[in-house]
Amino acid sequence: MARIELDLAHSYKPAPKEDDDYALLPLKMTFNDGGAYALLGPSGCGKTTMLNIMSGLLVPSHGTVRFDGEDRTRATPQQRNIAQVFQFPVIYDTMTVAENLAFPLKNRKVPADQIRQRVGQIAEMLEMSHQLDQRAAGLSADQKQKISLGRGLVRPDVAAVLFDEPLTVIDPHLKWQLRRKLKQIHRELKLTLIYVTHDQVEALTFADQVVVMTRGKAVQVGSADALFERPAHTFVGHFIGSPGMNFLPAHRDGENLSVAGHRLASPVGRALPDGALQVGIRPEYLALAQPQQAGALPGTVVQVQDIGTYQMLTAKVGEHTVKARFTPETRLPSSGDTAWLQVLGEHTCYYKNEELLA
């Protein structure tokens with residue numbers, strides 16, 4: 001395993017001049033030895049570029065990559081001792097499951113008895129022990145991807161295992177099982193695992209630390225709880241959660257705070273700067289309030305949906321749509337009615353220029 005330190009930027013253009021010319025904007029980031037990380041963001045945000053730079057498939061146009069303090073910027077994947085699992089399974093159809101799993105170890109001249117032991121261990125973890133003698137050609141796409149995952153995990157001396165959206169071809173039910181299995185493998189083997197995905201459920205259930213990325217920039221690194229409770233950037237609030245955080249325009253002037261055109265008293269104990277702000281509140285934390293209650297805003301109910309385990313209320317506060325989640329037992333106003341919603345409270349976040357105010 002290795003501690004990986006990035007201090008770099010990358011552009012696919014020869015002479016980048018502005019932010020849009022960069023696939024990865026300048027960043028400094030450390031992945032600790034034995035950690036489980038996820039790179040999370042929409043397509044084109046720079047996740048795979050960062051992964052390929054770490055693996056050695058791509059040399060950054062600016063800066064360095066260090067493994068355990070040693071500069072490995074121009075080292076090959078083999079020299080870095082990296083294992084990488086790709087979006088689609090890469091296996092040898094003419095080999096059996098056991099031969100596929102053993103292949104990385106045979107290439108490194110590992111003794112046969114150690115190979116058998118390690119292949120057996122990984123096959124058991126992936127619940128493939130009964131398939132070791134089967135030819136890979138006859139397996140389904142998800143079983144082939146399990147072999148690909150196993151080949152990435154089979155080398156005990158690997159510096160890090162990098163996963164590039166490895167569950168894309170996997171059946172949804174099996175995805176949940178494999179995520180749980182990868183988490184268990186990480187606990188048992190203590191490998192450094194870095195997992196690229198655009199799926200927040202995959203990232204938040206797999207990783208101890210999630211790197212949220214947008215437009216070539218890592219906007220927040222944190223635990224699932226930190227990303228949900230205190231998004232450091234409005235993009236994180238939008239991207240994490242289902243639905244994402246509600247945002248309303250605000251303006252502070254002295255002791256008064258105007259939110260979505262309604263004047264409210266500034267929250268006690270919060271030192272907010274004057275000028276344009278945004279107020280962010282999760283649908284889970286919006287509550288019904290009494291008319292004219294402090295920190296509450298009136299909204300016109302657009303829709304009430306019964307989702308089964310919860311109810312979703314959609315309302316218009318001025319020109320802005322907000323969503324609120326309630327328990328199935330909550331009595332909610334009907335479409336067209338006015339609902340007073342508690343916007344300001346202990347879970348409310350305040351943003352200036354898209355960045356969270358401390």
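Figure 1. A9 belongs to strand β1, which covers residues 4-10; helices (H or I, at least four residues) and strands (E, at least two) are DSSP runs numbered from the N terminus. The model is a predicted one, in which local features need pLDDT of at least 70 and side-chain atom pairs count only at pLDDT 80 or more, while totals for chains, interfaces and linings use all residues. Residues are numbered from 1 along each chain as its sequence is written, and side-chain values use heavy atoms, with hydrogens and water left out. With a relative accessible area of 4%, A9 is buried, where buried means under 20% relative accessible area, exposed over 50% and partly exposed in between, for a 1.4 Å probe and protein chains only. Leaving aside residues up to four places away in sequence, A9 touches Y22, L24, L25, P26, P60, S61 and H62, a contact being heavy atoms within 4.5 Å. A9 and A23 are 14 residues apart in sequence, and their C-alpha atoms are 8.0 Å apart in space.

Figure 2. Most residues other than glycine have a negative phi, and most peptide bonds are trans. E165, although not a glycine, has a positive phi of about 45°; this residue is placed in the loop between β7 (160-164) and α6 (172-189) and is buried, at a relative accessible area of 13%. Q292, also not a glycine, has a positive phi of about 65° and lies in the loop between β15 (287-288) and β16 (296-306), where Q292 is exposed at 65% relative accessibility. The peptide bond from S242 to P243 is cis, with omega near -5°, and P243 lies in the loop between α9 (234-239) and β11 (246-253).

**Figure 3. The aromatic pair of Y195 and F206.** The structure holds seven aromatic pairs, counted where ring centres of Phe, Tyr or Trp (its six-membered ring) lie within 6.5 Å, with planes under 30 degrees apart called stacked, over 60 edge-to-face and the rest tilted. The rings of Y195 and F206 have centres 4.8 Å apart and planes at 35°, so this pair is tilted. Y195 in strand β8 (residues 193-197) and F206 in helix α7 (residues 200-206) are eleven residues apart, and both Y195 and F206 are buried. Together with F163, Y195 and F206 form one aromatic cluster.

**Figure 4. Charges over rings.** The charged end of R325 sits over the ring of Y310, 3.6 Å from its centre, the criterion being NZ of Lys or CZ of Arg within 6 Å of the ring centre and within 35 degrees of the ring normal. R282 lies over the face of F228, at 4.5 Å from the ring centre.
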